[in-house]
Amino acid sequence: MMPENLLMLATENPVHTMIFLITFYMWYCIFDRLIVYAGLFRRNSEGERSIAVLTRERIMSRGSSAEVELNIIGRMISRNLSVIKVSTVIAPMLGLLGTVWGMLITFNIISDNGTGDPALMSDGISKALTSTRLGLTATVFGMLMAAVLERMRRKLTAYAGAESIRNGRSVI
């Protein structure tokens, strides 16, 4: 799809604009988490993961309990995951709203012009179904990435917890 067609698609229906904005922000959050997680999974010259070093440094330098530090690290790791998950729920609902919007436009065209011109009706139905397609496309890829990021979050949290146990400050 050409950029000018994409811009027209995003602006011809206000619901399409909302879907595009939500999808753009969702992908921004996905890439943000991928970059942060890649950095935390990276190993240093001694072979330790960055998350283990971060956990150990926070626990040792702050003097607070391991439970408090793990809670802070857990919140840092989990940031924006809920935004991604909510976006995957909102996108298909907006797609359905766009479908209803397009069908209402089609019914108005039918009431104004009658049912004699199938080209007018097919244009409205096409716009209605485009909304559904946009919403479902955003949702499918968002759900896949949310599952990948959730799995990565669990691994990072496990590494942080294991490091706190290794340092003799178990939270269990």
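This report walks through a predicted model of one protein chain, from its overall build to single side chains.

## The model and its confidence

Residues are numbered from 1 along each chain as its sequence is written. Because the model is predicted, local features need pLDDT of at least 70 and side-chain atom pairs count only at pLDDT 80 or more, while totals for chains, interfaces and linings use all residues; side-chain values use heavy atoms, leaving out hydrogens and water.

The score called pLDDT is the predictor's confidence in each residue, from 0 to 100. For the protein chain its mean is 83. Of the residues, 87% reach 70 or more. Among the elements, helix H2 (residues 14–41) has the highest mean pLDDT, 91. Helix H1 (residues 3–11) has the lowest, 59.

## Overall build

The protein chain has 6 helices and 0 strands. Both kinds of element are DSSP runs, numbered from the N terminus: helices are H or I with at least four residues, and strands are E with at least two. Read from the N terminus, the order is α-α-α-α-α-α.

The chain has 172 residues, and 37% of them count as buried. Buried means under 20% relative accessible area, exposed means over 50%, and partly exposed lies in between (1.4 Å probe, protein chains only). The accessible surface comes to about 10,200 Å². Carbon and sulfur atoms hold 67% of that surface. These areas come from the Shrake-Rupley method with a 1.4 Å probe; for residues, only the protein chains shown count as cover.

Contact means heavy atoms within 4.5 Å. Take the contacts between residues at least 6 apart in sequence: 75% of them join residues at least 24 apart.

Gly98 lies in helix H5. Is Gly98 buried or exposed? Gly98 counts as buried, because its relative accessibility is 0%. Which residues does Gly98 touch, leaving aside its neighbours within four places in sequence? They are Asn13, Val15, Ala128 and Ser131. Lys127 is 29 residues from Gly98 in sequence, yet their C-alpha atoms are 8.3 Å apart in space.

Leu104 also has its place in helix H5 (residues 81–113). Together with Val100 and Phe107, Leu104 makes a nonpolar surface patch of about 300 Å². Patches are made of residues with over 30% relative accessible area and no salt bridge; like charges are joined within 9 Å, and nonpolar side chains (Val, Leu, Ile, Met, Phe, Trp, Tyr) within 5 Å.

## Salt bridges

Side chains of opposite charge can pair when their charged atoms come close. A salt bridge here is a side-chain nitrogen of Lys or Arg within 4 Å of a carboxyl oxygen of Asp or Glu. How many salt bridges does the structure hold? There are 5. One of them joins Arg33 and Asp32, at 3.1 Å from N to O. Arg33 and Asp32 are both buried.

Arg153 and Glu150 are separated by about one helical turn, because they are 3 residues apart in helix H6 (residues 118–166). Glu150 counts as buried because its relative accessibility is 13%. Arg154 has 53% relative accessibility, so Arg154 counts as exposed. Shared partners join Lys85, Glu150, Arg153 and Arg154 into one network of salt bridges.

## Aromatic pairs

A pair of aromatic rings is described by the distance of the centres and the angle of the planes. Rings of Phe, Tyr and Trp (its six-membered ring) pair if their centres lie within 6.5 Å; planes under 30 degrees apart count as stacked, over 60 as edge-to-face and the rest as tilted. By this rule there are 3 aromatic pairs. Tyr25 and Tyr28 are stacked, because their ring centres lie 6.0 Å apart and their planes meet at 25°. In helix H2, Tyr25 and Tyr28 are 3 residues apart, about one helical turn. Tyr25 is partly exposed at 40% relative accessible area, and Tyr28 is partly exposed at 48%.

Phe41 and Tyr159 form an edge-to-face pair, 6.1 Å centre to centre, with 85° between the planes. This pair links distant parts of the chain: Phe41 is in helix H2 and Tyr159 in helix H6, 118 residues apart. Phe41 is buried, with a relative accessible area of 17%. Tyr159 is partly exposed, at 31%.
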